[in-house]
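Subject: Structure handover

Hello,

Here is the structure we talked about. Please open it first, then read my notes below.

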Amino acid sequence: MARKPRTGPASDPELLILSSLASGPKHGYAIMSDVETFAGIKLGPGTLYTAITRLVEKKLIVPLSSAGRQRPYRLTAKGATDLAQLLDDMRRVATIGLTRLRPA
Amino acid sequence: MHPMSTKDRIVRALLSLYPAEWRREYGPELSGLLHSQPLGARVVVDVLFGGLRQRVRSAEPWVILGTPALLAIAGLFAWSMASDSRNGLSALVPPSGITFPTYTVGPMNSVRMGSYELDVYAFLLIACGWWTVARDGCVRLSRAGFAAVKLTLLAGTPIIVAGMLIALSVRTGPPSALEVMTAPLFMLPQHWLFGYIGGALGRHVPRRARTVKV
């Protein structure tokens, strides 16, 4: 299992949900399980749905119609662009930080 | 029909903490998720805070600003009554020279900080008007004024309740029950104006911000 990031941008629920949905539509429980697998973070149901509500309002994800109780969510084009941009920014900062940390 | 289990009752109680509109959209999903896992203390606290966050997000600005104001006035009221049971209420509700022959609510007027007299409550009303307009977009300014009025009615509840208690105890001498109960009400026209001013600022500020950005 991945090391659990306790604080910082990598533990942001919205980023984790967007990253989870990057591999395809998922419902709430599947997002929770996926996030726990790839980030080692167990999102609480309240935290998960607070973040989902915000992401839907920002039009970064959309609910898909479903016959069951659990609706799957899909990343929108805007959501994919924003996620790619955010991860790219994070990678740039991480690369610079790690380079500077290396002994000369 | 199956009788409700303890878990069903807990899930139902937790969901009731969320606003009705939110429950209609996400309630069945969250309920299903909660039923699919053990309800530990951590999960319960997480859902509880989630409900609180949704309440705050969906609440009107006058409720968000009015609730702390209500608690502050109730706290000041309790403190002034505890420190001086006979004159405590008079200290909080002093006679007013500016309103119709009646009393005024001290914390709603001004707060003395050192040698400065600050109208903290007026800033709260202006902020309420500003927020109402800024949040909901281009709304009528009178709505910002009425939001400030609702804030005062909410924050003034402890004073109105105090007046009712005085009426029940049939206490004589100033201030009378009617004078105490009507004290927050006489401030409403002035407070409507503060809300209106805040609303006008709320309309003006984003327009300026947009101009600068472009």
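Among contacts in chain B between residues at least 6 apart in sequence, what percentage join residues at least 24 apart? The figure is 70%. Keep in mind that this is a predicted model.

Chain B overall

Chain B has 11 helices and 2 strands. Along the sequence the order is α-α-α-α-α-α-β-β-α-α-α-α-α. The chain holds 214 residues, and 32% of them are buried.

The A/B interface

On the chain A side, 12 residues are in contact with 17 residues of chain B. Two elements of chain A give two or more residues each to that side: helix H2 (28-39) and helix H3 (45-57). H3(A) supplies the largest share, with 6 residues. By class, the chain A side splits into 3 nonpolar, 7 polar and 2 charged residues.

H3 against H3

H3(A) packs on helix H3 of chain B, residues 41-58. The angle is about 30° and the axes lie 6 Å apart. Angles under 35 degrees count as roughly parallel, so H3(A) is roughly parallel to H3(B).

Which residues meet here? From H3(A) they are A:Pro45, A:Gly46, A:Thr47, A:Tyr49 and A:Thr50. From H3(B) they are B:Val43, B:Asp46, B:Val47, B:Phe49, B:Gly50, B:Gly51, B:Arg53 and B:Gln54. The residues of this contact comprise 5 nonpolar, 6 polar and 2 charged.

H2 of chain A

H2(A) is the other element to look at. It has 12 residues and reaches 16 Å from first C-alpha to last. That is close to the 16 Å expected at 1.5 Å a residue. Just after H2(A), A:Gly40 takes a positive phi of about 70°.

Which residues of H2(A) are buried? They are A:Gly28, A:Ile31, A:Met32, A:Val35 and A:Ala39. Viewed down the axis of H2(A), these buried residues fall within an arc of 100°, so they line one face of the helix.

What covers the buried residues of H2(A)? The cover includes helix H1 (13-21) and H3 of chain A. It also includes helix H2 (20-35) of chain B. So when you view the buried residues of H2(A), keep both chains displayed, because they line one face of the helix and their cover includes elements of chain A together with H2 of chain B.

Best wishes

Note on methods: Residues are numbered from 1 along each chain as its sequence is written. Chains are lettered from A and ligands numbered from 1 in the order in which they are written. This is a predicted model: local features need pLDDT of at least 70, side-chain atom pairs count only at pLDDT 80 or more; totals for chains, interfaces and linings use all residues. Two residues are in contact if their C-beta atoms, placed from the backbone, lie within 7 Å. Helices (H or I, at least four residues) and strands (E, at least two) are DSSP runs, numbered from the N terminus. Ala, Val, Leu, Ile, Met, Phe, Trp, Tyr, Cys and Pro count as nonpolar, Asp, Glu, Lys and Arg as charged, and the others, Gly among them, as polar. Axes are lines fitted to C-alpha atoms, for helices over the stretch in contact, and angles run from 0 to 180 degrees between N-to-C directions. Angles under 35 degrees count as roughly parallel, over 145 as roughly antiparallel, 65 to 115 as roughly perpendicular and the rest as oblique. The expected span of a helix is 1.5 Å times one less than its number of residues. A residue is buried if 20 or more other C-beta atoms lie within 10 Å of its own, exposed if 12 or fewer, and partly exposed in between; C-beta atoms are placed from the backbone. The arc is that of the directions from the helix axis to the C-beta atoms.
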